[in-house]
Amino acid sequence: MPARELNFDGLVGPTHHYAGLSAGNLASARHAGHVSNPRAAALQGLAKMRFVAELGVAQAILPPQPRPDVTLLRRLGFEGTEAAVLADTRRLAPELLSAASSASAMWTANAATVAPSCDTLDARVHVVPANLVTMLHRGIETPYTTRLLSRLFGDARHFHVHEALPANEWMADEGAANHTRLATQQGAVHLFGWGRSRSAKRRPTVHPARQTREASEAVARLLHLAPLHTVLWQQAPAGIDGGAFHSDVLCVGNEGFFMLHERAFLEHEALVAELALRLGGELEVAVASEQELPLAEAVATYPFNSELVTLPSGDMAIIAPSEAQQSHAARRFLERLVAEPNPVTALHFVDVNDSMHNGGGPACLRLRVRLESREENALAGRVLFDPALHDELVACVQRRYRDRVTLDDLPDPAFVDECRTALDEITTILGLGSVYDFQLA
Ligand code: SUG
């Protein structure tokens, strides 16, 4: 069956701002309180989508989530009219207003973990939305993510969208940001990176480990993967303590090519040997040593948070953030990969600077979904990216998004109305019907 990988990018929402909400995410902490520009951030994302689509890679898009999440604030005890709830939260608990207003659903690598039908025991595509339980502002994404993915992948002949794992720190799940699928003629392997478990002796001491081994095991079961297809491996605690809060900050893989930093996983040589055993000689691996590319530089400039895509020619391209271009060591490493005899033949840099300031690179902004053509035809909505869709969304963003947002804008009822108008237009453009509660009311 012909299949191709679709990259579902999350459109940046109109409340995008810098709140320093993510402990262990160094860029988020560094930019806390900076004035944001949601319009520029959304246009950068759309430009990246257009660029990827123009390479001949299948591109799709998911809408933002409704923010501020006033229901969250009511659940936390704020009462009265919506305007009163927002004003009181701004005054009494501004960090909760930020959490309720975060545009973090843009980082769709965290939306879910997906297994293609060619790998699953019942030959359907399985999707497990992530509970994102470690961070409040991210955990509130799960209900909408589940609703949206259930709508898009609603055809039960082809898809099964599961419930997220129970929202408990034992089962903390960050979705595909901790998952890589590799495949050669010999087979496919789903590599799940995890940061802590009830039995692991070694764990990070400075920053939180977000993904648990127990959650990864449960996700692998729900995805209906045969054990032969599954490898679970611990992220290096030193990597997490150095700012690699997801495994995709220090590794990315595609088909038979895997690139990683030596601090991505504990005992990375044993991991590479295990992968080689499962995938055979066709697997090619590129490791950056600490000497070649220091961890701090890799975390600051995100060369591993590149999109690694297969081009129509069969060659691969790396789509890296422009921050990695500006770093001598990161750029040298990426250029080495292109020069070496491996499937990577092209290196491109994209500007997703406003997302990077919150710790989200090109790979964080996309969820990979490998679909056969009959499955692609069963997708609901108008979410496949093409030039017309790009132009309509750009016009909407230019019309509806502000170019400057601070904490003081978030409780303003006029701003909240503007955001709803924008989301209403976006979901209409995407042919999704009514997905938000405010549209259903
Ligand atoms: O969860 N940043 C996100 C970045 C997610 C990156 N995703 C991947 N690596 N796949 C996070 O830490 C910052 C929000 C703020 O501080 O305003 C934030 O949520």
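**Stop 1: helix α10**

Start with the face of α10 that is turned away from its buried side, where you will find the exposed residues Glu269 and Leu277. The model you are looking at is predicted.

Now select all of α10, residues 268–279. At 1.5 Å a residue, its twelve residues should span 16 Å, and the end C-alpha atoms are 16 Å apart, so the two values agree.

Which residues of α10 are buried? They are His268, Leu271, Leu275 and Leu279. Turn the view until you look down the axis of α10: these buried residues fall within an arc of 55°, so they line one face of the helix. An α-helix has 3.6 residues a turn, so residues three or four places apart point the same way.

Next, show what this buried side packs against: the strands β6 (179–184), β7 (187–194), β8 (230–234), β10 (257–261) and β11 (284–288). Then step past the end of the helix to glycine 280, which follows α10 and has a positive phi, near 80°.

**Stop 2: phenylalanine 265 and the cores**

Select phenylalanine 265. Leaving aside neighbours within four places in sequence, its contacts include Leu191, Trp233, Cys251, Phe258 and Leu271. Leu271 is also one of the buried residues of α10.

Phe265 belongs to the largest nonpolar core, which has 92 residues. The members that touch the most others are Phe8, Leu46, Phe153, Phe258, Met259, Phe265 and Leu393. Another core, of 15 residues, lies apart from this one; select Val85, Ala100, Val416 and Cys419, which are among its members.

**Stop 3: a sheet of three strands**

Move on to the open sheet with the order β12-β13-β14 and mixed pairing. Strands β12 (307–310) and β14 (344–350) stand at the edges with a single partner strand each, so one side of each has no neighbour in the sheet. On average, neighbouring strands here are turned by 25° against each other, direction ignored.

How do β13 (residues 316–321) and β14 pair, in the parallel or the antiparallel sense? They pair in the parallel sense, over six bridges.

Helix α2 (residues 38–54) touches β12, β13 and β14, and its direction makes about 160° with that of β14. Helix α13 (residues 328–339) touches β13 and β14, at about 150° to the direction of β14.

Notes: Residues numbered from 1 in each chain as written. Predicted model: local features only at pLDDT ≥ 70, side-chain atom pairs only at ≥ 80, totals over all residues. Heavy atoms only, no water. Pairing = 2+ DSSP bridges. Helix = DSSP H or I, 4+ residues; strand = E, 2+ residues; numbered from the N terminus. Axes fitted to C-alpha atoms, helices over the stretch in contact; angles between N-to-C directions. Contact = heavy atoms within 4.5 Å. Core = buried A, V, L, I, M, F, W, Y, C linked by side-chain atoms within 4.5 Å. Buried < 20%, exposed > 50% of the residue type's maximum accessible area, 1.4 Å probe, protein only. Expected span 1.5 Å × (residues − 1). Arc of directions from axis to C-beta.
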